[in-house]
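Work through the exercises below with the model open. Try each task before reading its solution.

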Amino acid sequence: MDLQTLSYLFVGSTFALYLGIAFWARAGSTKDFYVAGGGVHPVANGMATAADWMSAASFISMAGMISFMGYGGSVFLMGWTGGYVILAMLLAPYLRKYGKFTVPEFIGDRFYSKTARVVAVICLILCSVTYVIGQMKGVGVAFSRFLEVEYATGLFVGMVIVFFYAVLGGMKGITYTQIAQYCVLILAYTIPAIFISLQLTGNPVPQLGLGSTLAGQDIYLLDRIDQVVTDLGFKQYSTDVRLSTLNMFAYTMSLMIGTAGLPHVIIRFFTVPKVKDARSSAGWALVFIAILYTTAPAVGAMARLNLMQTIEPSPGEYMVYDERPQWFKNWEKTGLLQFEDKNQDGLVEYSANPETNEMVKIDNDIMVLANPEIAQLPNWVIALVAAGGLAAALSTAAGLLLAIASAISHDLLKGMIAPNITEKQELNASRVAMALAILGAGYLGLNPPGFAAGTVALAFGLAASSIFPALMMGIFSTRVNKEGAIAGMVAGIGITLFYVFQHKGIFFIPGTEFLGSMKPNWFMGIEPNAFGVVGAIVNFTVANLVSRVTAEPPESVRELVEHIRVPAGSGEATGH
Amino acid sequence: MSRLNEQQAKEYWRRNVSLMVKLMVIWFVVSFGCGILLFDVLNTIQIGGYKLGFWFAQQGSIYVFVVLIFYYARKMAALDKEFGVEED
């Protein structure tokens with residue numbers, strides 16, 4: 001069968017599966033809708049969390065970034081996994097014990113303030129919306145490349161599917177679909193990796209293949225990559241530091257605490273029956289995530305080697321452009337791969353020197369998607385990768401949309417505007433909020449405000465500098481009061497936005513950068529994407545100083561904090 | 001289910017925090033320590049095709065994270081039982 005038929009078959013049958021699950025797992029109450037009834041087994045929740053967490057960025061972009069950043073790409077590997085240790089020990093069990101539906105609800109109660117709750121809702125919506133745009137874009141790209149339909153059509157099909165299972169089933173439908181999506185995406189990621197590792201090193205385990213010698217040769221894979229990239233003037237793969245050691249430190253820390261502060265991840269831990277389960281569920285989530293995350297560096301390195309060896313089969317001898325392989329032509333059509341014959345000799349001369357380099361563009365994102373084609377794997381493997389990319393994007397989009405919808409219907413509507421609505425009315429309101437969120441996300445996916453690439457990183461910075469510190473102080477301090485928490489969140493998110501906008505424009509509008517006489521990365525050489533940790537430190541400092549000069553929190557707050565620190569009597573998650 | 005008196009609640013929290021601190025130190029050492037700050041030093045050691053610093057940054061730290069979470073979950077379950085605050 002040809003690639004397109006196979007792609008339709010794989011994508012079509014996975015979509016049918018998601019719809020089947022949606023029909024089976026309909027939500028009957030707000031509890032079903034917000035926290036899947038609170039009865040999800042910790043291993044199942046771990047799997048759903050893994051799919052929720054691993055987005056188009058993890059599936060499509062990350063290995064590509066590692067491919068071109070080498071050692072510097074480690075910030076994503078450590079940053080996006082280390083956050084789960086923080087979640088498991090410092091946040092998830094206590095928030096589960098508290099037993100409510102949303103993150104802003106905890107912040108509002110702990111800091112006894114509706115203002116704090118509204119500030120938290122704004123922070124939540126800012127980080128979730130920026131994040132969801134990237135997912136919608138991923139859906140459109142995967143459709144247009146593999147099924148050869150218009151970008152907009154692909155996006156529309158994706159929206160309809162999410163609409164069905166998220167609006168009907170809420171958290172319950174999303175949870176069970178995410179479990180299926182995890183299975184699809186992990187198979188789609190590991191099968192090509194196993195094939196490629198076997199081809200290159202003879203070892204079927206990519207994690208071991210990365211540390212092995214090349215098949216039939218006496219040289220280690222990593223040493224060979226170092227050799228071929230330095231020959232063309234690139235930095236040595238295995239030691240290429242991202243800007244500076246301090247910058248790598250800050251980047252990793254920002255991603256870790258950003259992960260722990262992302263509301264769509266935190267609410268997944270509200271679905272398990274007990275506090276004990278919240279702890280172990282974080283462990284299971286990380287096991288399922290680690291399968292992909294320890295494979296990714298092997299995929300990145302092997303893709304880089306395959307790409308280099310296709311373009312320059314032996315030292316000094318380049319591929320003839322007219323004899324380029326089919327995948328090269330396919331990706332040229334998308335504009336993600338561009339060749340420019342600068343010296344008119346018909347050879348594809350690739351080098352680190354921008355003046356003579358003829359591979360003018362190799363987009364990070366094509367590395368995972370093109371990898372099976374570059375390695376000449378069978379068509380069904382390529383079709384599987386398409387289904388996997390869609391599973392990764394859809395599962396994350398659904399989780400984000402639920403976080404947005406519940407903040408609107410539960411925190412804003414039920415919590416403030418109309419506290420007297422019945423459960424049935426709230427359930428309907430949350431469905432309407434969800435539908436509106438899907439339409440909004442689709443609109444932004446079609447008309448991305450020109451900054452889609454910068455936005456996912458911004459989401460981590462925002463979560464790291466606003467929500468994470470507020471939750472930490474809410475659990476570990478009895479002294480931080482409402483004035484402190486609000487001032488801290490505003491200061492943290494404010495300074496992070498300021499630094500990012502200074503570099504990338506106000507709300508990413510080109511031409512509004514205002515660095516003035518300052519150099520880029522002026523603050524200790526830290527790049528804007530790594531700035532979240534600085535915002536978090538500002539948040540903690542401001543909150544503690546302000547709390548010290550204002551009135552102590554009421555006695556009831558001390559009781560609340562003591563209550564969440566001990567597991568017994570957690571009961572089930574409730575909205576009351 | 002039983003309610004802890006103030007003394008017991010303090011002791012339970014103290015032991016939880018002390019376990020947490022120990023494990024967070026390991027968390028910091030394997031990622032920020034071995035993977036970033038001590039990268040060059042550890043890279044002088046080679047295991048198979050991996051330089052040790054590089055291995056910690058792209059593989060080892062993640063494996064350790066998984067072990068840390070399960071160890072914490074198990075220890076805390078035992079602590080809950082000891083203080084009689086586990087859920088039924």
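**Exercise 1.** In which hand of crossing, left-handed or right-handed, does helix 4 of chain A pass helix 13 of chain A?

Solution. The model is predicted: local features need pLDDT of at least 70, side-chain atom pairs count only at pLDDT 80 or more, and totals for chains, interfaces and linings use all residues. Residues are numbered from 1 along each chain as its sequence is written, while chains are lettered from A and ligands numbered from 1 in the order in which they are written.

Step 1. Find the elements. Helices (H or I, at least four residues) and strands (E, at least two) are DSSP runs, numbered from the N terminus. Helix 4 covers residues 56-69 and helix 13 covers residues 275-311, both in chain A.

Step 2. Take the axes. These are lines fitted to C-alpha atoms, for helices over the stretch in contact, with angles from 0 to 180 degrees between N-to-C directions. The two axes come within 8 Å and cross at roughly 50°.

Step 3. Classify the angle. Under 35 degrees is roughly parallel, over 145 roughly antiparallel, 65 to 115 roughly perpendicular, and the rest oblique. Helix 4 and helix 13 of chain A are therefore oblique to each other.

Step 4. Assign the hand. A crossing is left-handed if the near helix is turned anticlockwise from the far one by less than a right angle, and right-handed if clockwise. Helix 4 of chain A passes helix 13 of chain A in a right-handed crossing.

Step 5. List contacts (C-beta atoms, placed from the backbone, within 7 Å). On helix 4 of chain A they include Ser58(A), Met62(A) and Gly64(A); on helix 13 of chain A they include Leu292(A), Pro297(A) and Arg304(A).

**Exercise 2.** Which hand does the crossing of helix 10 of chain A and helix 13 of chain A have?

Solution. Step 1. The axes of helix 10 (residues 221-231) and helix 13 of chain A come within 10 Å and cross at roughly 45°. The pair is therefore oblique.

Step 2. Helix 10 of chain A passes helix 13 of chain A in a left-handed crossing. Helix 10 of chain A contributes Leu221(A), Ile225(A) and Val229(A), among others, and helix 13 of chain A contributes residues including Ala301(A) and Met308(A).

**Exercise 3.** How many residues does each chain give to the contact between chain A and chain B?

Solution. Step 1. Chain B gives 37 residues and chain A gives 43. Helix 1, strand 2 (50-51) and helix 3 (52-82) of chain B each supply at least two residues of the chain B side. The largest share of that side, 16 residues, comes from helix 3 of chain B.

Step 2. Examine one helix pair. The axes of helix 11 (residues 245-261) of chain A and helix 1 (residues 6-37) of chain B come within 11 Å and cross at roughly 150°. They are therefore roughly antiparallel. The crossing is right-handed. Thr245(A), Met248(A), Phe249(A) and Thr252(A) meet Ser31(B), Phe32(B), Ile36(B) and Leu37(B).

**Exercise 4.** Which residues have the most contacts inside the largest nonpolar core?

Solution. Step 1. Define the core: buried Ala, Val, Leu, Ile, Met, Phe, Trp, Tyr and Cys residues joined through C-beta atoms within 7 Å. Buried means 20 or more other C-beta atoms within 10 Å of a residue's own; exposed means 12 or fewer; partly exposed is in between.

Step 2. The largest core has 214 residues, and Leu185(A), Leu401(A) and Ile69(B) have the most contacts inside it. Helix 16 (residues 379-417) of chain A supplies the largest share, 21 residues.

Step 3. Follow one residue. Not counting residues up to four places away in sequence, Leu185(A) touches Ala51(A), Met54(A), Phe59(A), Gly388(A), Ala391(A) and Ala392(A).

**Exercise 5.** Is Gly399(A) buried or exposed?

Solution. Step 1. Gly399(A) lies in helix 16 of chain A. Gly399(A) has 31 other C-beta atoms within 10 Å, so it is buried.

Step 2. Beyond its neighbours within four places in sequence, Gly399(A) contacts Asp52(A), Ile174(A) and His264(A). Its C-alpha atom is 8.0 Å from that of Val265(A), 134 residues apart along the chain.

**Exercise 6.** Where is Gln344(A) found?

Solution. Step 1. Gln344(A) is in the loop between strand 1 (337-338) and strand 2 (361-362) of chain A. Its phi is positive, about 55°, although Gln344(A) is not a glycine.

Step 2. Gln344(A) has 6 C-beta neighbours inside 10 Å, so it counts as exposed.

Definitions and conventions: Contact = placed C-beta atoms within 7 Å.
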